[in-house]
Amino acid sequence: MNIGLDVSPIAERNWTGVGNYIINIVSNISKIDKENKYYLCYRFSHIKNKAKILKISQNNFRTKIIQEPLNFIFQLKIDIFHGMADRMPWSYRARNIVTIHDIGAAILEDNYASNHFKDMMKKRYENILQKKPANIVITVSEFTKKEIVKHYSYPEDKIRVIYHGIRNIFTPKSEDNISLTKDKYGINTDYFIYVGSINIRKNIKRVIEAFKILTEKNKTITLVLAGDLSYGHEEILEKINKLNIGERVKIIGYLKNEELASLYSGAMALVFPSLYEGFGLPVIEAMACGTPVLTSNISSMPEIAGNAACLVNPEDVSDIAGNLINLAEDKNLRKALSEKGWERAKYFSWEKAAKDTLKVYSEFDY
C-alpha cells in the first residue's frame, strides 16, 4: 500500500506531545515495516525549520513538501492518508485515518487558547467527525475516545485507542549527570519540576499559589518550570511577581530530552496538575526516570498514571499545596511513588504503539 503521513508539526516548532508522538511512531514504523511505501508529507505553510525534517534512509520512505489542501493524494495514488495531528484531506480517493490528541480547544470555553484558534479547531473537528467523517480515528487515551463520542456522536467502533510510549533516554540518571544539568540552569536546592508549555490550561497559576503556601513552611525548595512560553504566560509571570516568589521559581525554557531526563531524575517530584490533557506525556516520562508524580484526578491523567501517582483536585489550591508539603517532607512517600511509577512506566512502549498503528493500516489492506 501507499501510505501518506502528515508529519508537519515536527518541522514547525519544539516538540511537545504531538511532535513526540509523530517522531516516535514514524521512527518505530520504519524499523518494523519494510513493505508498504510511505510518503512523509510536510505542509509548505508549516515548515519553520527544515533541519527538523525527518530523514529515514529506507527505500520505502519518501519525503514530500505539499501544498494545501493536501490534494497531492491524486498524484501519488495514496491508498491511506494518516493525519497524525488532527487533519485530513477533503478527498475520498484515499482511506482517511486521523489521530485526535484531544478536543479541548473545541469544547473548553476558557483557559485553553485564543478565540481564533478555538474557532478553527471547532470547525476542524466538525469536519473530521461529522461533515466528512474520517474512516477511522486514533486517540491516545480512553478519555479522549469518550469525549469524541460524547460531543460529536462519532461511532465508537471506529475509534482505536493507542497509548504513547517512552523513549529510552528516559531512565534514572547518575548523580554526575544530574549535577551538571542543575549547575547549567542554576538549580542549587531541592526542587519540584513542571514540564510542558507555560500555558494557562496547564494550571500553572494554581501551582504557583500552592507553591507559595509550601514556601511558608520550607524556605529552600525551588519550583522549576521547563517549557516554552505559550498562551496566557503573561498571567503566570504576573502571578509569580504578585506573590513575590520570583527568587524561588525558575523558568528555564524548552529542554532537550537528555537534559530533561536528568532534571526529572533529580527532582523531588513532577508537578503536573493540568486541567485538560489528551494523554499527559510528562507523567510517564517522569515515572520512567524514577521520579514521583503529582498530577490531576480528572481528564486523562488518572487513566495514564493509574495508582502510581499522587492525584489531586487541580482546581483546589489547598489540595495541591497539601500534597506538595507531604511530598517535600515524607521521603518514604516519595520512595513508594517512585517504585510504583517505575513499574507503571513499563506499560508504555513506542514500539507497541507503532505496531498497533500498523494494525490500523492493515484494516484497509486490499
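A: This is a predicted model. Of the 366 residues of the protein, 56% count as buried.

Q: How many helices and strands are there?

A: The protein has 14 helices and 13 strands.

Q: And how compact is the protein for its length?

A: As compact as a globular protein of that length, because its radius of gyration is 21 Å, close to the 21 Å that the globule rule gives for 366 residues.

Q: What box do the C-alpha atoms fill?

A: Roughly 65 × 40 × 35 Å, taken along the principal axes.

Q: What share of the contacts join residues at least 24 apart?

A: Take the contacts between residues at least 6 apart in sequence: 68% of them join residues at least 24 apart.

Q: On to sheets. In what order do the strands of the 6-stranded open sheet run?

A: The order is β10-β9-β8-β11-β12-β13, and the pairing is parallel.

Q: Which strands sit at the edges?

A: β10 (249–251) and β13 (310–312) are the edge strands. Each pairs on one side only.

Q: How many degrees are neighbouring strands turned against each other?

A: On average, 25 degrees in this sheet, with direction ignored.

Q: Which strands are joined to β5 by bridges?

A: Strand β4 (residues 80–83) is joined to β5 by 4 bridges, and these two run parallel. Strand β6 (residues 136–139) is also joined to β5 by 4 bridges, again parallel.

Q: What stands opposite Ile-97 of β5?

A: His-82 stands opposite Ile-97. Ile-97 also stands opposite Ile-136 in β6.

Q: Switching to helices. At what angle do α12 and α13 cross?

A: Roughly 95 degrees. The axes of α12 (residues 317–329) and α13 (residues 331–345) come within 5 Å. Angles of 65 to 115 degrees count as roughly perpendicular, so α12 is roughly perpendicular to α13.

Q: Which residues make the contact?

A: From α12, Asn-326, Leu-327, Ala-328 and Glu-329. From α13, Lys-331, Leu-333, Arg-334 and Leu-337.

Q: How does the contact of α12 with α13 split by class?

A: The contact has 4 nonpolar, 1 polar and 3 charged residues.

Q: Is Ser-153 buried or exposed?

A: Exposed. The relative accessible area of Ser-153 is 64%, and the cut-off for exposed is over 50%.

Q: What about Asn-203?

A: Asn-203 has a positive phi of about 70 degrees and is not a glycine either. Asn-203 is found in the loop between β8 (191–195) and α7 (204–215).

Q: Buried or exposed, that Asn-203?

A: Buried. Asn-203 has a relative accessible area of 3%, and buried means under 20%.

How values were computed. Residues are numbered from 1 along each chain as its sequence is written. This is a predicted model: local features need pLDDT of at least 70, side-chain atom pairs count only at pLDDT 80 or more; totals for chains, interfaces and linings use all residues. Side-chain values use heavy atoms; hydrogens and water are left out. Axes are lines fitted to C-alpha atoms, for helices over the stretch in contact, and angles run from 0 to 180 degrees between N-to-C directions. Angles under 35 degrees count as roughly parallel, over 145 as roughly antiparallel, 65 to 115 as roughly perpendicular and the rest as oblique. Contact means heavy atoms within 4.5 Å. Ala, Val, Leu, Ile, Met, Phe, Trp, Tyr, Cys and Pro count as nonpolar, Asp, Glu, Lys and Arg as charged, and the others, Gly among them, as polar. Two strands pair if DSSP finds at least two bridges between them. The radius of gyration is taken over C-alpha atoms; the globule rule is 2.2 Å times the number of residues to the power 0.38. Buried means under 20% relative accessible area, exposed over 50%, partly exposed in between (1.4 Å probe, protein chains only).
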